[in-house]
Amino acid sequence: MQPALALWLPLLPLLLVLPGQTQNLQEEPTLSSVNCNQKQPVYELVKSVPGSVDENGLCHCVVHLPNNHTPLKQLEQLQAITQELMHKYDQELSREAPTYSLLRLELEGARELVTQLMAKGGGSVTEDLLSQLQSQVANASLSLKLLADSDQRNLRAYRQEVDVLESRLIDCEREKWQEASGPPLPPGSCAHGGLQRVSRPLVVQLNWRGFSHKAGAWGRDSTPNPDSSLYWVAPLSSGDRYFDYYRLYKSYDDLVLMKNYVERSMGYGDGSGNTVYENFMFFNYYGTRDIAKVNLSSNTLLRRRPLPSATYNNRFSYAGVSWKDIDFAGDEKGLWVLYATEESKGNLVVSRLNTSTLEVEKTWRTSQYKPAMSGAFMACGVLYALRPLSTRQEEIFYAFDTTTGRERHLSILLDKMLETLHGINYSPSDHKLYVYNDGYLINYDLSFLTLKHKQSKLPAGKFSWLPTVPHPVTPKKTSRP
């Protein structure tokens with residue numbers, strides 16, 4: 001029983017005098033101490049309690065109530081308050097339960113990461129730090145176990161503790177990567193040999209509309225500009241289709257603290273394939289094959305035009321993700337749109353867009369069936385496609401280079417906290433992947449192969465070049481609506 005409820009519930013039997021019972025505010029009498037003939041005042045509600053004991057030992061009492069009905073009304077109010085508190089308590093438990101489960105999964109993942117980093121070895125200073133982190137994670141795990149058996153209202157405090165530990169673990173992991181892969185890439189740089197590996201997921205927070213809004217997207221402005229620190233979050237409506245609200249944050253700190261934000265209403269977006277590029281939101285217009293552009297400064301619709309031959313209304317969406325027929329992506333090379341057509345028989349099509357007019361500049365067809373993928377993103381003009389391996393892991397299994405027109409097979413694993421990855425957006429400014437994972441905002445660090453190791457074998461991301469070279473497709477001209 002929670003303390004808040006414990007204060008109210010014991011009062012109920014004190015205000016109700018039933019046959020065979022007398023109540024006392026100081027202590028509850030035993031059966032042997034009951035005197036039926038004794039008059040007992042109880043909150044001035046009961047004036048007298050005369051009675052007698054029958055042959056079976058049962059105490060029969062007559063309760064005389066005053067003519068004033070105010071105490072009875074107070075009793076009814078108290079009962080109503082009790083029911084309300086019980087309802088709020090149940091709501092609180094149901095709301096915190098998903099966070100508790102996610103917290104437990106994070107701790108398990110953090111403990112595995114510490115073990116892996118310890119196995120890799122390194123300098124004595126790093127090993128000492130990892131040993132310290134290992135002890136802290138073990139302590140947090142023990143505290144979490146105790147939390148499951150006690151008061152869940154302390155969950156937020158443990159949530160903050162785990163966030164601090166995970167941040168330190170991510171820093172250690174990044175240092176290890178830099179030792180193995182060389183210095184980090186400058187913002188917006190494509191001087192690398194392609195994606196090599198993906199970090200563990202870092203859980204930022206639950207989306208601002210709550211756990212019931214499982215579908216959505218979020219990220220950082222995909223323009224390769226390190227000076228731009230605009231972050232955006234766009235949870236879909238509870239039906240997992242309608243894109244109607246979004247929030248803008250001027251910095252990552254504002255997003256984490258949920259302050260200094262601008263909340264906007266739209267009312268005509270479809271699915272979680274939207275992205276932000278050059279301070280504009282690009283999305284699929286509701287119920288059509290149209291692509292649209294909104295100015296984030298004024299929240300005004302600037303342009304809308306059909307995407308040639310694109311299917312829509314959930315015809316060829318991703319596996320496990322509905323209403324994402326048209327998926328936008330931004331990277332170092334520009335703005336892209338990923339979709340399928342009847343002509344391509346559902347295979348993924350990649351088009352580069354003119355950011356001002358939304359006209360298709362160039363199109364490529366791939367050999368991969370879009371509904372077999374769980375999602376995709378662009379980085380340095382290369383398409384990377386994902387597929388689910390289990391409820392806790394995805395695989396980046398395919399890449400298509402729009403510069404050379406060649407495609408290849410990959411095997412880069414990506415852990416996830418919950419089952420479904422909805423919006424997936426890449427930021428060239430920090431080389432991070434921003435993922436909306438069943439209502440939670442997640443990000444990953446991407447590690448790219450340095451050019452000096454480009455021809456060497458990759459233990460973390462094996463690939464093989466395919467013999468076929470898909471050719472670009474000349475887009476059909478369409479008139480503006």
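User: Leaving aside its neighbours within four places in sequence, which residues is P388 in contact with?

Analyst: Happy to start there, with a note that this is a predicted model, where local features need pLDDT of at least 70, side-chain atom pairs count only at pLDDT 80 or more, and totals for chains, interfaces and linings use all residues. Residues are numbered from 1 along each chain as its sequence is written, and side-chain values use heavy atoms, with hydrogens and water left out. Contact means heavy atoms within 4.5 Å. With neighbours within four places in sequence set aside, the contacts of P388 are S374, Q393, E394 and K416.

User: Where is P388 placed, and what is its relative accessible area?

Analyst: P388 sits in strand β18, residues 382–390. Strands (E, at least two residues) and helices (H or I, at least four) are DSSP runs, numbered from the N terminus. Buried means under 20% relative accessible area, exposed over 50%, and partly exposed in between (1.4 Å probe, protein chains only). P388 is partly exposed because its relative accessible area is 43%.

User: What distance separates the C-alpha atoms of P388 and G320?

Analyst: Along the chain, P388 and G320 are 68 residues apart.

User: Which strands pair with β6, and over how many bridges?

Analyst: Two strands pair if DSSP finds at least two bridges between them. Strand β5 (residues 216–220) runs antiparallel to β6 and is joined to it by five bridges; R220 has Y231 of β6 as its bridge partner. Strand β7 (residues 242–249) also pairs with β6 in the antiparallel sense, with W232 opposite L248. The answer is β5 with five bridges and β7 with three.

User: Which residue in the turn of the β6 and β7 hairpin has a positive phi?

Analyst: Six residues lie between β6 and β7 in this hairpin. Most residues other than glycine have a negative phi. The turn residue with a positive phi, about 65 degrees, is D240.

User: Is N299 buried or exposed, and what is its phi?

Analyst: N299 lies in the loop between β11 (290–295) and β12 (300–306), strands that form a hairpin with four residues between them. Those strands run antiparallel and are joined by six bridges, with A292 opposite R304 in β12. N299 counts as buried because its relative accessibility is 19%. Although N299 is not a glycine, its phi is positive, at about 60 degrees.

User: What is the relative accessibility of N279?

Analyst: N279 is found in the loop between β9 (275–277) and β10 (280–284). Phi of N279 is near 65 degrees, a positive value in a residue other than glycine. N279 counts as partly exposed, so its entry is 28%.

User: How many helices and strands does the protein have, and what percentage of its residues count as buried?

Analyst: The protein has six helices and 25 strands. Of its 481 residues, the share that count as buried is 50%.
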